[in-house]
Amino acid sequence: MVCVSTVKSLNVLPLASWRPSTRVCGGSGGTVTMEGQKRPSPKTRRKSSYGTSRKSILKKSFSQEQVTFTAPISDDPLVAVIGGGISGLICALFLEARGVRSTVFDTGIHGLGGRLGTRVVDPHPLKFDHAAQFFTVNDSRFAEIVNGWMERGLVREWHGTVGELHNGGGFVPFVPSPRRYVATNGMRFLADSLLSQARLVNVVRPCWISKLEPFNGSWHLSENGKPCGKFDTIVIAHNGKCANRLLMTSGLPLIAKQMKRLELSSIWALLAAFEDPLPFSGSTEVPFEGAFVRGVDSLSWMANNTKKLLISQSGGPHCWTFLSTAAYGKQNKVPQENIPSATAAKVKAGMLEGVESALGLSKGSLPKPSYTRLQLWGAALPTNTPGVPCIFDPFGRAGICGDWLLGSNIEAAVLSGIALANHIADYFQSPGTNPEEFAVGLNHEFQPLEGHDIGQFPGLGSEEKMNEGQAYELTK
């Protein structure tokens, strides 16, 4: 378990020792350099939440010059949040709680959410959660947020049977604890509902920010040459090759370096609707609503959306989500924007064969689905992490939030968004403070990330595994 409270004090480098690799971006009308800024008195001075010391985390980068803003922050600052996944949305909400305006830019055509993805197919309608499947709660701050979502009817506990399905049809249910949660109407609808009461958050979608330009004391954003506004600070709330490309010539080498070190898995999602309940080895119907699959190369997870989302059934189709293993995703990796038909056919057949094998069915006995759709999540889940709540470059006035900074689940994404929002608000409210004191996460080393192929669910396991863990604790 990674806790925000365990973050170590930061080490920072005096500004003068890295100035040769910077380009100064001031503003018009008598901009003051950082050396000329007046420091507040010890009584009013606001410290970074993460603590500081005086050694170096800000190192030279010879790939691109570091942007250094010297113009004062405006009295009514505006933040650009690039990425409308759960972490970016939470960051925007908590900025609003601190009185800071923001604009969220997202590429989603159907809605916000990123990996909080739900596909609805009319006219039935068919409904599938095709990325994040459920979540657990481990942190008290996240628990408070989830309680609020429950009061608004956005999420509920998932009481359906979940467990491990071993190749050949061997199913072992998990114990009820910890509680499992799902979005009431599908994951995307949770994301779309989060900003419904926001007053200081603007959303622009679909929009693919393609360039970041520091000019005249602000960040200027554009989409393929079309101006998208100017901002005091930017938040990168997405990852993968698109984020790397965006940061490559941004003037943020320290941010870009950390993003570049992130490693991501690839996962295939197969959505399939069956007219009848799926058969199961030795039974007339599958005895679970969700299962982590073991011993099948092409499959890591399967879930019955129709039962999970409590969709009323009157002989209607049963909507299943099947997710591949990370290894299968890597073996069959192609550009997700242009999947060759031959690859799609191969992956679909391989995953359906995996379903058949996992359920203990004889070859060719799996019912033919009435509907299928295949999707590749090319940048699905992180496989390594720096273990820090957020990243922030106070000289370039830019930060990063996302689940990968702490783990690989919805809770980690939420905590990261909260951390960055509060960090930026503290930075805005500390005019004159040495910016070095607000540098965070710019040189943290990455460590491998453990968990299921579809993410981390702390405390989740079978009674047998729980007993094994308890026995281990007793013998330590």
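Before the details, a word on conventions. Residues are numbered from 1 along each chain as its sequence is written, and side-chain values use heavy atoms, with hydrogens and water left out. Because this is a prediction, local features need pLDDT of at least 70 and side-chain atom pairs count only at pLDDT 80 or more, whereas totals for chains, interfaces and linings use all residues.

Let me start with the chain as a whole. The protein chain holds ten helices and 26 strands, where helices (H or I, at least four residues) and strands (E, at least two) are DSSP runs, numbered from the N terminus. Of its 476 residues, 54% count as buried, and by buried I mean under 20% relative accessible area, with exposed being over 50% and partly exposed in between (1.4 Å probe, protein chains only). If we take contacts between residues at least 6 apart in sequence, 76% of them join residues at least 24 apart, a contact being heavy atoms within 4.5 Å.

Now to helix 2, residues 140–151. Helix 2 has twelve residues and reaches 17 Å from its first C-alpha to its last, close to the 16 Å expected at 1.5 Å a residue; that expected span is 1.5 Å times one less than the number of residues. Its buried residues are Phe142, Ile145, Val146 and Trp149. They cover an arc of only 100° around the axis, which puts them on the same side of helix 2, the arc being that of the directions from the helix axis to the C-beta atoms.

What do the buried residues of helix 2 pack against? Their partners are helix 1 (86–97), strand 9 (155–157), strand 12 (181–183), helix 3 (187–194) and helix 9. In helix 3, the buried residues are Met187, Arg188, Leu190, Ala191 and Leu194, and since they cover an arc of only 155° around the axis, they too sit on the same side of their helix.

Helix 9 has 19 residues and reaches 27 Å from its first C-alpha to its last, close to the expected 27 Å, and it is mostly covered, with 18 of its 19 residues buried. Helix 2 contributes Arg141, Phe142, Ile145 and Trp149 to the contact, and helix 9 contributes Ile410, Glu411, Val414, Leu415 and Ile418. These residues divide into seven nonpolar, no polar and two charged, counting Ala, Val, Leu, Ile, Met, Phe, Trp, Tyr, Cys and Pro as nonpolar, Asp, Glu, Lys and Arg as charged, and the others, Gly among them, as polar.

Thr136, in the loop between strand 8 and helix 2, is buried, with a relative accessible area of 6%. Not counting residues up to four places away in sequence, Thr136 touches Phe142, Pro178, Arg179, Arg180, Glu411, Phe457 and Pro458.

Finally, the backbone. Most residues other than glycine have a negative phi, and most peptide bonds are trans.

As for phi, Asn216 has a positive value near 55° and, at 41% relative accessibility, counts as partly exposed. Arg397 has a positive phi of about 50° although it is not a glycine, but at 4% relative accessibility Arg397 counts as buried.

How values were computed. Axes fitted to C-alpha atoms, helices over the stretch in contact; angles between N-to-C directions.
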